[in-house]
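Student: Could we go through the side-chain packing in this one together? I'd like to begin with the rings and then move on to the cores and the surface.

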Amino acid sequence: IAVEKKLKGYNIFILAPFFFLMNYNNIATAAVVGGSFNNNNIKQIEYQQQQSSLSLLKEKTTSQRQRQNLLKEQEHYDTASYLKSSSSSLLNFRGGSSTALTASTVSVDNFLNAVDIFGTAVFAFSGALTAGKKGMDLLGMFIIATITAVGGGTVRDLVLDSGTVFWMEQTLYVQITAVTTLLTFYVWPTLESKLGWKDTAVLICTADALGLGAFSVLGTQKAINVLGRDKAHPLAWVLSGLVSSCFGGIIRDMMILQKPRVLYPERTLYATPPLLGSIVYTVLTIFFTSTKNTTNQLRNTQIIASIAFLVTFVSRVICFNTSLRLPHWDIKSTTKTDNNNGEDDKPSPRID
């Protein structure tokens, strides 16, 4: 009894080992159960990770399929957007969605693109040459050359309210004008004095006619894209093609204080050919591009562009080789015109 009283406060420590021995099996079972629980947790986590990986794989596969579908849809949209986009033009379009279509359309667009660039250089040469013969310096020649080359397109974009003027976004036109002005300033006097070249040469006038045809087609197409087929009268399309082709030369003549040559009958017809080409483009577009088939509509547009270009080019070549004039009053002038720089008022093809 005395020992029990002394050990009363310590019985928990004495009984603990006995308790452990008596309940060893239960404790071991609990440990096994706990280990199994931890293993189950690990397996469950691994399973969730596998499911997550499978989900990511499925999402990746789905995204790839969606991407492929989007690419297919984009191919069709590229063709349709050419006809619907308000900012597109034949110059900006670069092909279709099918190989059969590419063979016919890319060649037409690339040709118009090349002729547009070439025509810009020819128009810039005309402006620089006219300014130089009026006594302007190199900067004056560059300004007049730029106005002649891109003035018509600038007026067109401003009237159509189509956004930023085209040569502000595509500075290649200004670069071409600058290079052409430098070459005209330094090289043309030698060609004229030593080789006898003239700006009325058939070769130069033919090159100008090529540019005139491209400007007429592109100007008409720009109006169709911006204004839409149903929102503007076709007459606006025709005027856009005419403005694109001729207003650069009109502004040039006004700035150098000479009569705008396209408004007077002293020289060969110049504004009439692009007007005819623009009318042809407009009429053919109205009657032959109303189909709902986008591919056929695009192909028809390319054919129409080719026909309108040829009409403009051929009619201009015919005009500077004949004495054709539009009806006008027979008013005899006793003075010599500024356009021929003191020469007789005989018909001359001379580029605009």
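Student: Are F125 and W188 buried or exposed?

Tutor: Keeping in mind that this is a predicted model, F125 is buried, and W188 is buried too.

Student: And how many aromatic pairs turn up in the whole structure?

Tutor: A search of the whole structure gives six aromatic pairs. One of them joins F125 and W188 in an edge-to-face arrangement, with 5.1 Å from centre to centre and 70° between the planes. Because F125 belongs to helix α4 (residues 99–133) and W188 to helix α7 (residues 172–194), this pair ties together parts that are 63 residues apart in sequence.

Student: What about F166 and Y173, how are their planes set?

Tutor: Their planes stand at 80° and the ring centres are 5.1 Å apart, so F166 and Y173 also count as an edge-to-face pair. F166 is buried at a relative accessible area of 16%, and Y173 is buried at 3%.

Student: Which residue lies over the face of F166?

Tutor: That is R156, at 5.4 Å from the ring centre of F166. In another place, K259 has its charged end over the ring of Y264, 4.4 Å from the centre of that ring.

Student: Which rings are linked into a cluster?

Tutor: F111, F309 and F313 are linked into a cluster through ring pairs.

Student: Switching to the cores, which residues touch the most other members in the largest nonpolar one?

Tutor: F123 and Y270 do, in a core made up of 21 residues. Two or more residues each come from α4, α5 (138–160), α8 (202–227) and α9 (234–255), and α5 gives the most, with five residues.

Student: What lies apart from that core?

Tutor: Another core of 16 residues lies apart from it, and its members include V108, V115, L284 and I304. As a general point, nonpolar side chains in soluble globular proteins tend to be buried together.

Student: Why is V187 called partly exposed rather than buried?

Tutor: Its relative accessible area is 36%, and because buried means under 20% and exposed over 50%, a value in between is called partly exposed.

How values were computed: Residues numbered from 1 in each chain as written. Heavy atoms only, no water. Phe/Tyr/Trp six-rings, centres within 6.5 Å; stacked < 30°, edge-to-face > 60°. Helix = DSSP H or I, 4+ residues; strand = E, 2+ residues; numbered from the N terminus. Buried < 20%, exposed > 50% of the residue type's maximum accessible area, 1.4 Å probe, protein only. Lys NZ or Arg CZ within 6 Å of the ring centre and 35° of its normal. Core = buried A, V, L, I, M, F, W, Y, C linked by side-chain atoms within 4.5 Å.
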